Amino acid sequence: MKRISLFFGMLLCLLLCSAPVHAAEEPTITVAIASFDSDSYDYSKIEQELDKYVYEKLGFHVNMEYLEYISYGQEMNTYLLQGQFPDVYLIIDDSDYNMLLQNGYLFPLDDLLDKYGKDLSAVCSEQELLSHTEADGFCYGIPCIHGRGWTIGFEYRVSIAEKYGLDMENIHTVEDLGEVFAVLKEKNPDIVPLGWTTYCAWDMLPDTLGVLMNMGHSDKIENLYETEEYENLCLLFSEWREKGYMLNTDYVQTDFSSYVQLEDTFGKLADYNPAMQWTDAIEGGEEFNCIPLSQNTIMSNAYNRNCWVISSETEYPRYAMEFLNLLYTDKTLPNLLAYGTHGNDYEFTDSNCDEIRLFALDNASLEKPIKIRNYLVGNQYLCYRLEGFPEDIWDQAVMYDQNALISNGYGFEFDDTPVSRQVQTCQKIVDLYDPLLMYGTPDAKEVLASFREELKEAGIGHIIAEKQKQFNEWKAKEKS
């Protein structure tokens with residue numbers, strides 16, 4: 001009996017020591033963020049260090065909730081069904097932001113910023129951020145500070161390009177890649193030329209149910225799935241899959257960075273930014289290069305994705321804002337959330353303590369990849385530079401956006417309330433068909449025809465008409 005009591009006593013001790021323990025009268029907020037590498041980091045230790053630091057600086061405690069990035073949208077739906085959100089949380093999808101805003105789940109931040117977020121306001125003013133998350137004259141979110149432009153890019157392994165003498169200098173469009181893929185496949189049939197496809201040459205506004213074509217440089221809302229550009233893209237990907245150019249994942253791609261661990265995969269189509277090739281070089285353990293295939297453009301959803309918000313039901317709005325103020329202006333918090341703890345997860349590699357080496361990279365593999373997502377931790381430009389990155393990488397990112405074009409839809413927010421039923425039905429249809437077509441289904445023509453017909457019957461025309469109406473009204477107001 002004593003042994004049983006001793007066992008349960010030890011178990012209770014372990015449970016109590018695994019997470020911060022707070023006195024009942026001490027205020028505590030809950031903070032939720034995306035998790036990528038649950039096997040690579042000791043999240044309980046990170047939470048303890050973060051809680052200790054926040055308590056010393058601000059006088060309240062923090063409980064962390066780590067949500068798997070790949071199922072983040074589902075986690076948001078779980079919060080919604082329960083009717084209870086964390087005090088502070090990250091939104092990584094602009095459609096989630098719009099839905100939560102329209103349903104009253106977000107706390108208006110203006111008064112809180114004035115009282116408890118002055119440093120945060122100053123940083124955001126430099127970046128001209130807060131106006132992009134306004135609705136009805138109030139600010140509801142703090143966009144993460146990182147690159148905002150959207151550029152179609154093709155990233156590839158330098159070693160494969162050099163080994164097989166591939167001409168990468170004359171690639172200017174997606175169609176140009178086909179010739180390179182053909183040469184590569186002929187020289188080594190075992191190499192997969194394309195491991196991932198993300199292609200978007202339009203402003204999604206934000207759900208693709210009515211878009212602005214030509215990278216947003218248009219005032220006409222169009223049915224993307226009826227356009228010649230979308231059809232040609234579907235047929236091209238279908239042809240590439242038939243020729244063995246695309247990674248066979250049964251039309252389901254789970255993570256755009258996983259391909260870097262596949263040494264027999266050449267490259268990916270993705271959203272280019274100055275840090276991408278350096279990040280993938282670290283994750284993949286070799287040199288990558290990237291070719292931009294479009295002009296960098298700031299799209300309509302550039303600021304309400306990757307955005308921190310406060311729950312409208314929080315008991316501690318002041319503490320929630322004070323936490324965000326610290327997150328965006330103090331180096332300790334973003335680096336804890338991005339890289340873990342010094343000595344346990346990383347070490348400094350320079351005397352200025354600006355560059356680090358992650359220990360987890362020593363054991364990275366296809367089964368246990370390392371995914372670096374420091375752009376989600378509030379202010380990316382406060383994060384330590386990873387070993388191998390250029391010293392001016394954050395300056396490059398800022399300059400890249402300063403030279404970006406601006407979509408005609410930049411700042412437009414679509415209220416889908418008048419057509420919510422049609423939007424829900426059409427979105428389910430898009431979620432079914434679009435992945436098949438973008439991943440190269442062999443019967444692309446037939447699938448696209450069915451896709452178009454189902455969208456038509458579901459009322460996509462009504463959505464586009466309503467979106468065009470609101471867009472026209474918004475444009476007229478902007479000009480006045």
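Author: Gladly! Let us begin with a definition: a contact means heavy atoms within 4.5 Å. This is a predicted model, and among contacts in its chain between residues at least 6 apart in sequence, 76% join residues at least 24 apart.

Reader: What makes up the chain overall, in helices, strands and buried residues?

Author: The secondary structure comes to 16 helices and 16 strands. Of the 480 residues, 54% count as buried. The accessible surface is about 22,500 Å², with 49% of that belonging to carbon and sulfur atoms.

Reader: Why is cysteine 307 called buried?

Author: Buried means under 20% relative accessible area. Cysteine 307 has 0% relative accessibility, so it counts as buried. Cysteine 426 also comes out at 0%, and therefore is buried by that cut-off.

Reader: And why is glycine 461 called partly exposed?

Author: The partly exposed class runs between the buried limit of 20% and the exposed limit of 50%. Glycine 461 has 46% relative accessibility, so it belongs to that class. This glycine lies in helix H16, residues 460–479.

Reader: How do you know that the span of helix H11 agrees with its number of residues?

Author: H11 covers residues 317–329, which is 13 residues, and at 1.5 Å a residue it should span 18 Å. The expected span uses one less than the number of residues. The end C-alpha atoms are 18 Å apart, so the two values agree. Among the buried residues of H11 are Ala320, Phe323, Leu324 and Tyr328.

Reader: What makes a group of residues a nonpolar core, and which residues have the most contacts inside the largest one?

Author: The members must be buried nonpolar-type residues from a set list, joined through side-chain atoms within 4.5 Å. The largest such core has 73 residues, and Trp308, Phe323, Leu324 and Tyr339 have the most contacts inside it. H11 gives the most to this core, with seven residues. A second, separate core has 66 residues, including Tyr156, Cys200, Val430 and Ala444.

Reader: What does tyrosine 339 touch?

Author: Leaving aside residues up to four places away in sequence, tyrosine 339 touches residues including Tyr41, Ile356, Leu358, Cys383 and Leu386.

Reader: Why are S13 and S15 called edge strands?

Author: The open sheet in question has three strands in the order S13-S14-S15, with mixed pairing. Strand S13 (346–348) and strand S15 (385–386) each have a single partner strand, so one side of each is left without a neighbour in the sheet.

Reader: How do you know that S14 and S15 count as paired?

Author: Pairing requires at least two bridges. Strand S14, residues 355–358, and S15 have two bridges in the parallel sense, so they meet the requirement. Isoleucine 356 stands opposite leucine 386 in S15.

Reader: One more, please: what covers the buried residues of helix H4?

Author: The cover includes helix H3 (72–82), strand S3 (88–91) and strand S12 (307–310). H4 spans residues 94–102, and Asp94, Asp96, Tyr97, Asn98 and Leu100 are buried there. Just after H4, glycine 104 takes a positive phi of about 80 degrees.

Notes
Residues numbered from 1 in each chain as written. Predicted model: local features only at pLDDT ≥ 70, side-chain atom pairs only at ≥ 80, totals over all residues. Heavy atoms only, no water. Helix = DSSP H or I, 4+ residues; strand = E, 2+ residues; numbered from the N terminus. Buried < 20%, exposed > 50% of the residue type's maximum accessible area, 1.4 Å probe, protein only. Areas by Shrake-Rupley, 256 points an atom, 1.4 Å probe, with all protein chains shown as cover.
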